[in-house]
Structure formats: C-alpha cells, structure tokens
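Here are my notes for your review. Please read them beside the model.

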Amino acid sequence: MVLSNENEFVVQDTTFSSLHNAVVVLTGASSGIGRETALALHQHGAHVVFGDVDANGAAETLSMAEQQQNQLGGSVEYIQCDVSLYDDVYRLFSSALDKHGHVDHVVASAAIFNREKWIDPALSIEEVAKPNTKASKILDVDLVGTANTSRIAGPFLMANRKGDTEKKTLTLLGSVASMQQVGEAVMYQAAKHGVLGLLRAMRTPFYRHRIQVNCVCPDITLTPMAAPFMDSFKKNRAWTQTSEDVARVILGLLDSDIHGKSFYLGAGRAWEFEDGLSEAMPHWLGSEGSRHFKWNLECLAKVSPVPFSSHTFSNCFCQDH
Ligand SMILES: NC(=O)c1ccc[n+]([C@@H]2O[C@H](COP(=O)([O-])OP(=O)(O)OC[C@H]3O[C@@H](n4cnc5c(N)ncnc54)[C@H](O)[C@@H]3O)[C@@H](O)[C@H]2O)c1
C-alpha cells in the first residue's frame, strides 16, 4: 500500500487476505459504519466480536451476517456493552480473548451525536444551574468510550502475540468534526477533536509495541446518525458516501502497514492529512512561529525521546524500523 502524490489512500487489493481468521473487536456494530465493517470482515473470514448498547440492532447485524455467503469460515458474536462503562469494555475484550485466544484488530466506532446546546451564552442563568446530561453524554460515549477501548485494547492486542511482526491494529473513528468547525454541534466537535488527539498521543507508545494505530475521519455518510440532515444535504448537493465505502477503507487500513495517520474520508475516497499538516506548518503558523514550535518540539524530544514526532512522521510504516 502506498499513498498517492496527492496523499490519497487507494484500497487496491480488496481480497484482504490478511484478515482471514483474524480476530477483530469492534464497538458500535449494531448500525451504520460499525455494522458494515463487521459484515465486510465476516465476509473476508474474520472472527468479529462486537459490543453495542443496542441489542435489537445487534440482532439485525447477526441475522445479516448469517445470511451472508461465508465460504471463509468467519464468525460474528455480540456482547452487550456500553463503551462509556469501563467494566463493560473490559468484558467485551475478555470475551473475545477467552473465545479465540488472541485479538488482532480493534475498531472503535461506537458514538452518539446530538446538537444539544450545552455551551451557549444564549442560555439563561436558570438553565445553566443544572448540567445538561444529554450533551455531556456525548463526551462520555464518543471520547471517554474511545479512550476506554484504546486503553484496554493495548494489552489485549499483545496477549499471546507471536513476535512483534504479527500484525496488530487499532482504528479510531473520528469525524470531519475532528478536523475543524462543522456547524454548532459543540460537544460532538469537542469529543471528536479529542479522538484525533488520542491518535496523536497514542501513536508513540503503540509504535513501541508495533501496534498500528490510525484514525479515520468520515465526512457525511449515509447512516442513521446522519439521517436527520440528509434532505438538506441532498438539496445542497453535498458529496455523500455509504457505510460500505467507509468500511472498505477501514479494512484497507487493517490490511496495510500504515501507522500513526489520520484520513479524511469523503465521497468514498480517503486522504491522509497528518503529514500534510506538518509539512504546511510554515504556511499556517508562519515561518517564525513554526521555527519556534519545531525547536521546542526537538528540545522536548531530547528530554523524552520518541521514535518520531509530528514533523518527522513521514513514511512511518510499522515494518520500516
Ligand atoms: N454518519 C456520518 O455521517 C459520520 C460522519 C463522521 C463520523 N462518523 C462517525 O462514525 C462512527 C459510526 O457512526 P455511524 O454513522 O455508523 O452511526 P450509527 O448511529 O449508525 O452507529 C453508531 C453505533 O454506536 C452504538 N452506540 C451508541 N452509544 C453506544 C455506547 N454507549 N456503547 C456502545 N455502543 C454505542 C449505536 O447503538 C450504534 O450501533 C461514529 O464514531 C461517528 O461519530 C459518522
């Protein structure tokens, strides 16, 4: 796998042979992108153990998997799990390890979305007397849930590993709302910026253990989460993509040797942006600002050496080092 000159990640080999018999722990597969990813993995012979709060949706995913042509012997199993509850997430991973003896890939897709006004000067003094738990729940599920999944994933991916060349990956679901302001969904944007922050903070410790970690940031995708806005998107001729499009990129990443990158996914295509952001720093921070920034980053690296940092991150593929 290579990125094109334009940083586009093109999934060419869709046989995904490395996923045959792989064990994948997935969150949020009762619907949308998670469900499509689980079904695609199953079709390629992987063993999927997924956690979700929605038991009815999970039953639908299981029945869809049962109806799939599956000559490669994959399986799909559901464990009731609220990713914001740490013990639930631990139980999800334990179930996968107990059943299969190892975990190869983790995909953190579970999330919720709403546009509750949690932070807004238009709120009255009476309204802010009490917290808005519906809004803060987004942080609990989308950010803390992803952090719970990531923390627990590490040791479970390492368990019973046959040497550090055996492929292990963690893929986070960010969003276009991880990258910049998108509308006024305040808490969702804060949570999804946090998910991108997690990727940037985790890539060094995960690299040390040769576990690939990447973040995919989809733009508008036709799932129940985006359904309330679809009419307006269509009316304004927005680019859209299907959850199958996103699932194909996720499988491509699981099958690749890419590490530490983030991808914007729009209209079924994927572009890496970590390297571009780093290279373009003099443009967006100015030459003097970026010189100061990089100098201090290098000073920090002397205190706490890292195999790479944001500006030395190019070509970071797990097998190169
Ligand atoms: N659909 C889009 O346009 C879009 C755009 C950008 C990013 N994303 C991201 O993609 C991922 C998948 O979203 P989707 O569009 O498939 O949404 P979706 O609503 O179809 O699916 C989300 C799944 O997460 C589950 N979930 C919710 N809370 C949970 C919890 N506490 N514990 C466990 N499971 C929980 C839901 O039950 C559901 O099955 C999310 O991280 C979302 O933020 C989606």
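Which residues of S7 are buried on one side, and which on the other? Point 2 takes this up.

1. **Basis.** This is a predicted model; local features need pLDDT of at least 70, side-chain atom pairs count only at pLDDT 80 or more, and totals for chains, interfaces and linings use all residues. Residues are numbered from 1 along each chain as its sequence is written. Helices (H or I, at least four residues) and strands (E, at least two) are DSSP runs, numbered from the N terminus.

2. **Strand S7, both faces.** On one side, Gln212, Asn214, Val216 and Pro218 are buried; on the other, Val213, Cys215 and Cys217 are buried. Buried means that 20 or more other C-beta atoms lie within 10 Å of the residue's own; exposed means 12 or fewer, partly exposed is in between, and C-beta atoms are placed from the backbone. In a regular strand the side chains alternate between the two faces of the sheet. Strand S7 covers residues 212-218, and seven of the seven are buried, so the strand is largely enclosed by the rest of the structure.

3. **Neighbours of S7.** Strands pair if DSSP finds at least two bridges between them. S6 (residues 169-173) runs parallel to S7, with five bridges joining them. Leu172 stands opposite Cys215 of S7. S10 (residues 262-266) is also parallel to S7, through four bridges. Here Cys217 faces Tyr264 of S10 as its opposite residue.

4. **Crossover.** S6, helix H5 (residues 186-208) and S7 form a right-handed β-α-β unit. Right-handed means that, with the strands pointing away from the viewer, the path from the first strand over the helix to the second runs clockwise.

5. **The whole sheet.** Nine strands make an open sheet with mixed pairing, in the order S1-S11-S10-S7-S6-S5-S2-S3-S4. The edge strands are S1 (8-9) and S4 (75-80), each pairing on one side only. S1 and S11 (residues 269-272) are antiparallel, joined by two bridges. Glu8 has Trp271 in S11 as its bridge partner.

6. **Helix H7.** H7 (residues 243-254) has twelve residues. From first C-alpha to last it reaches 16 Å, close to the 16 Å expected at 1.5 Å a residue. That expected span is 1.5 Å times one less than the number of residues. Among the buried ones are Asp245, Arg248 and Leu254.

7. **Ligand shell.** How many residues surround the ligand? The count is 33, and the closest are Gly28, Gly32, Ala111, Thr223 and Met225. Near means that the C-beta atom, placed from the backbone, lies within 6 Å. H1 (32-43), S3 (47-52) and H4 (133-158) are the elements that give two or more residues. H1 gives the largest share, three residues. By class, the shell has 15 nonpolar, 15 polar and three charged residues. Ala, Val, Leu, Ile, Met, Phe, Trp, Tyr, Cys and Pro count as nonpolar, Asp, Glu, Lys and Arg as charged, and the others, Gly among them, as polar.

8. **Positive phi.** Most residues other than glycine have a negative phi. Two residues deserve a look. Phe16 has phi near 45°, a positive value. Phe16 lies in the loop between S1 and S2 (23-27), and is buried because 20 other C-beta atoms are within 10 Å. Arg210 has phi near 55°, also positive. Arg210 sits in the loop between H5 and S7. With 19 C-beta neighbours inside 10 Å, Arg210 is partly exposed.

9. **Two single residues.** Asp52 is in strand S3. Asp52 is buried, with 27 other C-beta atoms within 10 Å. Asp52 and Ile125 are 73 residues apart in sequence and 37 Å apart in space, C-alpha to C-alpha. Ser95 belongs to helix H3 (residues 86-100) and is partly exposed, with 17 other C-beta atoms within 10 Å.

10. **Overall.** The protein chain has ten helices and eleven strands. Its radius of gyration is 20 Å, close to the 20 Å that the globule rule gives for 321 residues, so the chain is as compact as a globular protein of that length. The radius is taken over C-alpha atoms; the rule is 2.2 Å times the number of residues to the power 0.38. Of the 321 residues, 40% count as buried.
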